[in-house]
Amino acid sequence: MNIITNLLNDLYLRKKNVGAILNFLLVLTLAFPISAIAQDSGVLATTEDSLRGSITAERGWWKVVYYDLNVTIQPEDSSITGYNNITYRVTKEPKRIQIDLQDPLTIDQITQNGEPLEYQRAENSYAYMVDIPENITRDSLYTITVYYQGKPKVAKNAPWDGGFVWEQDSLGNHWIATANQGLGASAWWPNKDHQSAEPDSMLINITVPNEIKNVSNGRLRGTTNHDNGMTTWHWFVSNPINNYNVAVNAGNYVNFKDTYEGKDGTLDLDYWVLEHNLDKAKKQFQQVKPMMQCFEDWFGPYPFYEDSFKLVETPHLGMEHQSAVAYGNGYQNGYRGTDLSGSGWGLKWDFIIIHEAAHEWWGNNITTSDAADMWVHEGFTSYSESIYTECQFGKKAGAEYTRGMRDGIKNKEPITGKYGLNNEGSSDMYNKAHNMLHTIRQIVDNDSTWKNILSGIQNKFRHQIVTADQIERYIIEQSGKDLDDIFDQYVHYTDIPAFQYYIKNDVLYYRWKADIEHFDMPLKVTLANDSYTFIYPSSDRWKRSELHLTSADSFKIHKDFYIKTDSVSSR
């Protein structure tokens with residue numbers, strides 16, 4: 001298996017061909033036990049991680065088209081019952097079908113066209129392998145129904161350690177929410193639980209006691225009152241949606257509305273908050289319109305006009321639930337009242353509103369096919385915080401915010417995870433990728449071009465599943481810059497490049513020290529007083545440039561490049 005690992009690493013580091021890696025992993029599953037591949041990856045992975053994170057043979061032949069999810073929630077005993085109608089298209093030769101549902105929930109029955117289907121649970125996993133009828137044909141649509149029940153996993157510390165949140169508000173009313181990114185949507189409903197598996201649209205029918213209201217994704221189609229003191233809330237999502245974005249939010253909510261005249265017309269703004277927080281919400285949520293104006297200017301139209309934009313108050317901090325952004329920041333600026341950047345700019349706006357809403361573009365509009373590439377979601381979204389700061393307070397403020405985020409970077413593990421294992425990279429995927437993008441902006445050295453690149457990504461890959469490689473290729477092609485080494489070093493390795501230099505007799509000698517062989521990256525420095533100029537160091541050899549400074553002490557390296565600096569002794 002060491003040969004396999006070496007081959008994967010070669011594919012991964014040389015060309016970043018994620019598609020080739022995923023195809024290779026799929027072939028391996030036919031020849032080797034999944035657990036063996038997981039162990040050899042260098043990650044402490046389980047069979048469940050592999051079945052969750054890879055396109056197995058039981059996933060690869062069908063595409064989910066539509067979910068019709070029906071769930072009844074019983075707050076008194078923290079239980080749920082329900083069923084999911086899963087409409088799928090046959091795209092390849094049919095095999096068994098994999099459906100995911102996590103303990104302690106149990107499946108009661110699986111049917112297709114009213115006929116029960118046989119199924120078995122895969123060993124040491126939450127995956128169920130279902131025998132399908134023999135008469136299904138390629139390019140046709142079918143619907144299976146999964147009936148289930150139980151007490152779903154309770155979140156220990158949502159949204160990070162997720163699941164179902166069963167809380168009460170300060171007035172003693174039930175307050176319920178779901179948050180399951182990473183953990184998986186199968187923690188509370190049966191589905192094809194892979195990040196690449198988005199239905200084209202979805203109906204979400206949530207039944208709760210009459211005294212509370214449920215708010216889910218998309219638009220409310222109506223409610224159905226039942227004789228047993230329960231009400232079903234029918235929400236419809238007309239756009240593709242990530243599994244982990246599908247949400248329950250149930251509480252003693254009141255609703256207020258607004259509209260925003262945006263790039264694609266009139267956008268409905270819909271706010272659901274606890275009744276006693278209505279006045280606070282009306283004041284704090286005034287930040288939504290300037291946020292929309294900024295992000296539409298930089299990234300293009302809000303991606304889900306058909307489904308509206310919602311903020312929903314939740315008993316956890318927040319999540320990027322598509323068209324129903326979860327908000328739990330206490331109606332205060334900053335991140336729970338603090339500035340993560342230490343620059344002061346992070347207290348000028350509400351972190352959860354800005355960060356989670358930015359995910360509507362970065363993560364929801366474009367979604368990576370593998371959790372290993374989550375840096376695309378989180379890095380661009382973290383960078384969006386700087387963009388918003390720039391929109392409101394100027395370019396200098398945005399740059400100061402970005403530089404301030406460097407203190408939170410550990411550089412202990414790469415920000416890319418292991419493919420096919422439901423494995424994310426390190427938490428540096430936020431601040432490190434943020435600062436990498438800011439560095440690339442300096443290299444592009446044209447704000448109009450950079451702005452067009454960001455909005456171009458959103459337009460070219462609108463409502464698509466992508467790889468990190470596709471995003472990198474687009475930036476490289478549109479910028480006309482050779483950025484391969486930069487993406488490789490910052491995304492695939494732990495450390496950042498170190499600029500080694502010394503000054504002797506008014507001459508600057510310099511080179512890069514990096515993990516990438518033949519590493520090249522332009523850098524701005526002062527070769528003359530108070531004037532920044534590009535130099536072109538490489539890791540292959542020492543280069544030299546003449547200095548025209550009043551003194552060597554006035555030599556400066558542009559601080560918007562996220563690098564290490566190493567002033568070495570003259571050679």
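Proline 104 sits in the loop that runs between strand E3 (97-100) and strand E4 (106-112). Strands here are DSSP runs of E with at least two residues, numbered from the N terminus. Aspartate 103 and proline 104 are joined by a cis peptide bond, with omega about 0°. This is a predicted model, in which local features need pLDDT of at least 70, side-chain atom pairs count only at pLDDT 80 or more, and totals for chains, interfaces and linings use all residues. Residues are numbered from 1 along each chain as its sequence is written, and side-chain values use heavy atoms, with hydrogens and water left out.

A cis peptide bond also leads from alanine 158 to proline 159, where omega is near 5°. Proline 159 belongs to the loop between strand E8 (141-150) and strand E9 (163-168).

The loop between strand E7 (127-130) and E8 contains aspartate 139. Its phi is positive, about 70°, although aspartate 139 is not a glycine. Is this residue, aspartate 139, buried or exposed? Aspartate 139 is exposed, at a relative accessible area of 60%; buried means under 20% relative accessible area, exposed over 50%, and partly exposed in between, using a 1.4 Å probe and protein chains only.

Histidine 518 is another residue other than glycine with a positive phi, here near 60°. Histidine 518 is placed in the loop between strand E24 (507-513) and strand E25 (523-528). With a relative accessible area of 44%, histidine 518 is partly exposed.

Technical notes:
Helices (H or I, at least four residues) and strands (E, at least two) are DSSP runs, numbered from the N terminus.
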